[in-house]
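Dear colleague,

Please find below the structure that I am handing over to you.

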Amino acid sequence: MKYDLVVVGGRVAGSIAAYQAAKNGLQVLLLEGNPEIGTPVQCAGGVSDSFFKSTDIKPLPEFTCTRITAATINGPYGASITTGNPIIRGYIIERKIFDKYLALRAAEAGADVLAGSRVKDLMFHEGSVSGVKFRGPDGTCEVKSGIVIAADGIQSCVGRMAGLNTRFRPGELCSCAQYEVTGFDVDDETMEFYFGSVFAPSGYLWVFPKGDGRANVGVGVRRTRCSDNGPLHYLNRFISRAGCSRLEFNAGAVPVGGPIRKTYTDGLLVVGDAAGQVDPLTGGGIHVAAECATIAADVATDAIESQRTDAAFLSKYEDTWREQIGKNLDRSLKFRKVLESLSDDELDTLIGSFDGKDLNSISKISLLKILRHYPKILKMLKNIL
């Protein structure tokens, strides 16, 4: 078998890269290691309006659960603010269905999709990646390709097979645990976030409503010592107070230390969680992954058409995504470090200081005025803003 492009990983980044490349006219094979695309779920399911607008994907009722118009941020000691800022607006989606929808969309654009197919090794020609060896439903197969896109998730094995350093240190990972619950008292249009060491040290707890008392309730924490409690400890403590039923449990890790140093080499590109293309502040990766996957597909198309799959040509991918989103990821990483440096008292006071303020119209100058009584926070934010 021979394809122009093999995409490894059938989640958001992989399926969007496969769709875009097939739409561009490439012969594409999309491989997913799990037997069913979309499982296991490793996402809270919050997607902004800007994602649907930028990807030209319609928020169909098949995979959207609720319309989100607001977010409530809760401090450790009771401070709370609610905002209806337009950037909050979006949907809670059913990731299992959404991921399958994206893979179906890629197939309809012309890509071949094969689930239950795990890549065991890469093929090389004159030092350049030239295909993959995988074990799937039909046994072990070898597929030649002009380019491989590694969208195989955190700690990308495919990227490492190509010689790239795709490992993240423990301190760069956020450990997450989540229940889908029913019988939970939550407003269907409002996401809830809880900060502070009582809820989620070096992270946050989320409640994403899915309608009719259902919700994704999860915790993400960045553990700095082996003796630290994991996310399940805080999640179970929170859930035990709610008296709800647990329908599903999922766990995973999110890279929040910023992107890997290099996302390309001869014949191969790395996208999505595999490349650390995740917002370090929120842990959200869907929008960022979609943007980078589209860039990767377009660069791969140019490379195939130009018969230039060498690293020098493919470096255009990294130049482009860093120019378009690199500064935002850097700024989010600085904000995350600011938040993590605050004590529970400072965090509660900071959240409380916004009570009664119109968050939709706060400018950078207004924000600095509000924080003038908190010199430690002000000093750190001035370096970012």
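Predicted model: local features only at pLDDT ≥ 70, side-chain atom pairs only at ≥ 80, totals over all residues.

The protein has 10 helices and 18 strands. Its radius of gyration is 21 Å, close to the 21 Å that the globule rule gives for 385 residues, so the protein is as compact as a globular protein of that length. The C-alpha trace spans about 60 × 45 × 40 Å along its principal axes. Of the 385 residues, 52% are buried. Among contacts between residues at least 6 apart in sequence, 67% join residues at least 24 apart.

Seven strands make up an open sheet with mixed pairing, in the order 6-5-13-14-15-12-16. Its edges are strand 6 (80-83) and strand 16 (245-255), each of which pairs on one side only. On average, neighbouring strands of this sheet are turned by 15° against each other, direction ignored. In general, the strands of a sheet pair through backbone hydrogen bonds, either parallel or antiparallel. Here, strand 13 (residues 190-194) and strand 14 (residues 203-211) pair in the antiparallel sense, over three bridges. Phe193 has Trp206, in strand 14, as its bridge partner.

Which residues of helix 5 are buried? They are Pro231, Tyr234, Leu235, Phe238 and Ile239. These residues lie on the same side of helix 5, because they cover an arc of only 125° around the axis. Such a pattern may be read against the geometry of an α-helix, which has 3.6 residues a turn, so residues three or four places apart point the same way. Ser240 and Arg241, on the other side of helix 5, are exposed. The buried residues of helix 5 pack against strand 12 (173-182), strand 13, strand 14, strand 15 (214-221) and strand 16. Just after the helix, Gly243 takes a positive phi of about 65°.

Strand 12 also holds Glu180. Is Glu180 buried or exposed? With a relative accessible area of 10%, Glu180 falls under the 20% cut-off and is therefore buried. Not counting residues up to four places away in sequence, Glu180 touches Glu94, Lys210, Arg214, Ala215, Asn216, Ser245, Arg246, Leu247 and Glu248.

Helix 3 can be described in a similar way. The 14 residues of helix 3 (residues 95-108) should span 20 Å at 1.5 Å a residue, and its end C-alpha atoms are 20 Å apart, which agrees. In helix 3 the buried residues are Arg95, Phe98, Asp99, Leu102, Ala103, Arg105 and Ala106. An arc of only 155° around the axis covers them, which puts them on the same side of helix 3. These buried residues pack against helix 1 (12-23), helix 2 (49-55), strand 7 (90-93), strand 8 (112-114) and helix 6 (286-306).

With kind regards

Methods: Residues numbered from 1 in each chain as written. Heavy atoms only, no water. Pairing = 2+ DSSP bridges. Helix = DSSP H or I, 4+ residues; strand = E, 2+ residues; numbered from the N terminus. Axes fitted to C-alpha atoms, helices over the stretch in contact; angles between N-to-C directions. Buried < 20%, exposed > 50% of the residue type's maximum accessible area, 1.4 Å probe, protein only. Arc of directions from axis to C-beta. Contact = heavy atoms within 4.5 Å. Rg over C-alpha atoms; globule rule 2.2 N^0.38 Å. Expected span 1.5 Å × (residues − 1).
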